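Visitor: I would like to learn how to read pockets and aromatic pairs in a protein model. Could you take me through them slowly?

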Amino acid sequence: MHALIIGGAVAVLVFWWAGTPSSIGATPGGTLTSVGELAGLLASYLVCLQLLLIGRVPWFERAVGMDRLVGWHRSLGTTVVLLVVTHVVLMIVGGAMLDQLALWPEVLSILATQPDMVTALVGTAIFLVVGMSSARLAREHLSYEIWFVLHLSVYVGIFLTFGHQIAAGSHFVGSTLARAVWIALYVATASALVTWRVVVPLLAHRQMMLRVEHVVPEGAGMVSVWLRGAGLERLSAQGGQFVLVRFLTPGHLWTAHPYSLSTVPTSDLLRLTVAALGDHSSATARIKPGTRVLVEGPFGRFTAERSTSSGALLVAGGAGIGPIRSLAEDLLRQGRDVVVVHRAHSSDGLALGRELVGVAGLRYLPLPGRRADLGYDPLAPRSLVRLVPDVAERDVFVCGPEGLVAAVVSSARTLGVPRSAVHHEELSLS
C-alpha cells in the first residue's frame, strides 16, 4: 500500500515538474500557485486510489483484507481533504499576489474567468462536507443511513471537479497526452467501481436468487438470518468471512451492511448472525421470510488459511461469535485442535454457544459475567494460560468489541504467541 501511494505520488510529482515552466518560481505568487496545482493533482490521484480501496476489487481484497483496505481508505480521506484545502488556499493567495488584488476580489475574478469554476466550487464543498462527516465526533451523531448518503455524494463532487481540472489545469490545457492520461485514470477507476460494485453483484444475484428463509432469535439482541438460494458454492466462502448484505425491502434497500457468516455455506443455505448494534441491524430481526437479498463477497482474511499450528484458540465476544463459530467449523474440518473461549456480560449473551457444546475435537469455554462481578479479568494473561495452558503453541483468533480484541492480543503476546499467529479483524467496516 505504501509503495502504491509513494509510487503514484512520485509519478504525479514528475508529471507536475515536467509541465511546470522554470520561470513560474520567479515570483512568490507563481511559486504558491504552482505548489497549489501540485496539491490539487495529488488530491485527485489519491481520490482515485481511495475509491479503488473500497471498490471490491478481488485481487486487492485477497491480498490485504477488506478491513485494512477500509482503514487505509479512512486514513487517505484526511489527507485528501487537507490537500484540497491547500490547493484552494494557495491558488487564491498566489493568484492574488500575481494579479495584485485583495483576496476577495481575486476569488470573484477566479469564479468569473476560469472554466467550470462554479461547479468545481460546489464539488469542493461536497468534499469538505463528506470529510467532516467522517470525523469521529460527527459519526457519533449521524445515523449510518445519513452518513452513507453523504458519502455517495462524493461521486457528484468528483464529477463536478473533474471538468475544471481538464479545462483549467495548466498541465492539461496545452497537452493532449496529459489530458488523455488523466482521463484514462478516472475512466479506469470508474470502470472498476461499476464492474465490481454493480455488475458483478447483480449477475451473482441473478444466478443465486437469495431469499430470507427464516429469522431465528439467538438471545441478547442477536438473530440468525438464514438465506436460501441456488449454487452458493460459487461464493467459495470460508468460515470467518463476511458478506455485504442488502435486503431488498423498504428501510434496507439503500444500504448494504457487513454481516459475518456464522456457518460455512452449503450449496443452497447460508446463515448470518446479526447483533442489534444500530438501526439497520436492529431492524434485521423484523425481516420477513421471502425477502430477496443482494449479497456481495465474501470478504475477509480471518480464515483457517491463516493458521499454521496444529491447534487454535478462538476468542469471541458479542457479535464476534458469528465468525468464530464458522471459523471453528473450518478448522475442525482441517483436523485442528480447537478451543473456543466465549465472553459475554451474562449467560443470555452466549449466542450460538449451544452449537459448540459436545463437538468432537472442540473444547468450548463459556465465560459469562462482568469483570466487576467475577472479581478478575478472565482474558488477562494469568487467567488465559490457566484456561489454555498451551496457548503459546496455538494460533489465536479473536473477534469482538475493540476492547476485547485489544485485551486478547496483548495477553497472547505476553504469553509468547508470535505476532504472526495472532489474527483479528474489525467487525464494522462502515
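Guide: Let us begin with the lining of the second largest pocket, which by class has 22 nonpolar, 15 polar and three charged residues. Here Ala, Val, Leu, Ile, Met, Phe, Trp, Tyr, Cys and Pro count as nonpolar, Asp, Glu, Lys and Arg as charged, and the others, Gly among them, as polar. This is a predicted model, in which local features need pLDDT of at least 70 and side-chain atom pairs pLDDT 80 or more, while totals for chains, interfaces and linings use all residues. Residues are numbered from 1 along each chain as its sequence is written, and side-chain values use heavy atoms, without hydrogens and water.

Visitor: Which residues lie nearest the centre of the second largest pocket?

Guide: Rolling a probe the size of a water molecule over the atoms shows where empty space is left. On a 1 Å grid over the protein atoms alone, a pocket is an open set of points where a 1.4 Å probe fits, with protein on both sides within 12 Å along at least five of seven lines, and lining residues have an atom within 4 Å of a point. In this case H87, V88, M91, M117 and H164 lie nearest the centre.

Visitor: How are F302 and F397 paired?

Guide: Rings of Phe, Tyr and Trp (its six-membered ring) pair if their centres lie within 6.5 Å, and planes under 30 degrees apart count as stacked, over 60 as edge-to-face and the rest as tilted. The whole structure has six aromatic pairs; F242 and F299 form a tilted one, 5.8 Å centre to centre with 40 degrees between the planes. F302 and F397 form an edge-to-face pair, at 5.6 Å and 80 degrees.
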